[in-house]
Amino acid sequence: MDVLELARIQYAITTIFHFFFVPISIGLVFLVAIMETLYVVKKKQVYLDMAKFWGKIFLLSFAVGVVTGILQEFQFGMNWSEYSRFVGDVFGAPLAIEALLAFFMESTFIGVWLFGRDKLPKWVMAFSAWMVALGTTLSALWILAANSFMQEPVGIEIINGKAVLTDFTALVTNPQLLVEFPHTVFGAFATGALLVGSVSAYNLLKKRNIDLFGKSFKIAMIVALISGIGVAFS
């Protein structure tokens, strides 16, 4: 087995493991934001309990997704150094925006949501959850912008043997991105919803905490239906 095959295997393992957790994170935090909003509107303790329960699973998934994502960043430079030298100025731009804008947005509002409980108003907690959900979606947008460029290079010129970005608008309106982004985000919503639905269904069969898991199941199935239709059409 040569070095190229080893590099491909290593990167494939990292990417597959990473992408077990990313769709779960995107989908779960969207559901948690809905639950936090229902708690603000209906003022029933069960919705707060739901947000706390599913929020813990989201936090674990988010943490693993971040760690494996950092490994990917290193592997771009170590496993695929020639690629990074050739196209890094273009490929790295959306990844840098994702880190500086979306990831810091997620991290900030996760901190508010996690440590602000019982210290901040309920609406602030719901707002923070929605900001985290927005941040995860923006992360997907910029990462998929980089991926779409790999599939369909646009907005560049080859100057002195390197790819140089000449049209940023073309990068973010890449036809490939316009297909990838809605498909991936709807898929993430469906993944999160089906995870919540399956865990809730199991607990309902065991007759555990009927109110919490019954309401979780209903919300999850509504989101799964809508996002499933979105996946099919996108």
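The tour begins at the largest cavity, whose lining comprises seven nonpolar residues, one polar residue and no charged residues. The structure in the viewer is a predicted model.

**Stop 1: the largest cavity**

Select Val29, Val32, Phe58, Ile110, Trp113, Ser128, Ala129 and Val132, which line the largest cavity. The space inside this cavity amounts to about 40 Å³. A search of the whole structure finds one cavity of 30 Å³ or more. Next, colour helix 1, helix 3 and helix 4, the elements that give two or more residues to the lining of the largest cavity. Which helix gives the most to this lining? It is helix 4, with three residues.

**Stop 2**

The next stops concern aromatic rings. A pair of aromatic rings is described by the distance of the centres and the angle of the planes. Across the whole structure, a search finds 14 aromatic pairs. Select phenylalanine 30 and tryptophan 130: their ring centres are 5.7 Å apart and their planes stand at 80°, so the pair is edge-to-face. An angle over 60 degrees is what places a pair in this class. Phenylalanine 30 belongs to helix 1 (residues 3-42) and tryptophan 130 to helix 4 (residues 122-151), so the pair ties together parts that are 100 residues apart in sequence. Are these two residues buried, partly exposed or exposed? Phenylalanine 30 is partly exposed, at 21% relative accessibility. Tryptophan 130 is also partly exposed, with a relative accessible area of 31%.

**Stop 2: an aromatic pair between helix 3 and helix 4**

Now select phenylalanine 109 and phenylalanine 127. The centres of their rings are 5.9 Å apart and the planes are at 80°, so this pair is edge-to-face. Phenylalanine 109 is part of helix 3 (residues 81-115) and phenylalanine 127 is part of helix 4, so the pair ties together parts that are 18 residues apart in sequence. Phenylalanine 109 counts as partly exposed at 21% relative accessibility, and phenylalanine 127 counts as partly exposed at 39%.

**Stop 3**

Then move to tyrosine 39 and lysine 122. What sits over the ring of tyrosine 39? The charged end of lysine 122 does, at 5.1 Å from the ring centre.

**Stop 4: threonine 14**

Return to helix 1 and select threonine 14, which is found there. Threonine 14 has a relative accessible area of 10%, so the residue is buried; the limit for this class is under 20%. To see its surroundings, display Thr68, Leu71, Gln72 and Gln75, which threonine 14 touches when residues up to four places away in sequence are not counted.

**Stop 5: the largest pocket**

The tour ends at the largest pocket, which has a volume of about 1,100 Å³. Select His18, Val22, Gly69, Gln72 and Ile143, the closest to its centre of the 38 residues that line this pocket. Then colour helix 1, helix 2 (45-78), helix 3, helix 4 and helix 6 (175-205), the elements that give two or more residues to the pocket lining. How many residues of each class line the largest pocket? Its lining has 22 nonpolar, twelve polar and four charged residues.

Definitions and conventions:
Residues numbered from 1 in each chain as written. Predicted model: local features only at pLDDT ≥ 70, side-chain atom pairs only at ≥ 80, totals over all residues. Heavy atoms only, no water. Phe/Tyr/Trp six-rings, centres within 6.5 Å; stacked < 30°, edge-to-face > 60°. Helix = DSSP H or I, 4+ residues; strand = E, 2+ residues; numbered from the N terminus. Buried < 20%, exposed > 50% of the residue type's maximum accessible area, 1.4 Å probe, protein only. Lys NZ or Arg CZ within 6 Å of the ring centre and 35° of its normal. Contact = heavy atoms within 4.5 Å. 1 Å grid on protein atoms, 1.4 Å probe; cavity = no way out; pocket = protein on both sides within 12 Å on 5 of 7 lines; lining within 4 Å. Points joined across faces, edges and corners; volume = space filled by probe spheres on them. Nonpolar A, V, L, I, M, F, W, Y, C, P; charged D, E, K, R; others polar.
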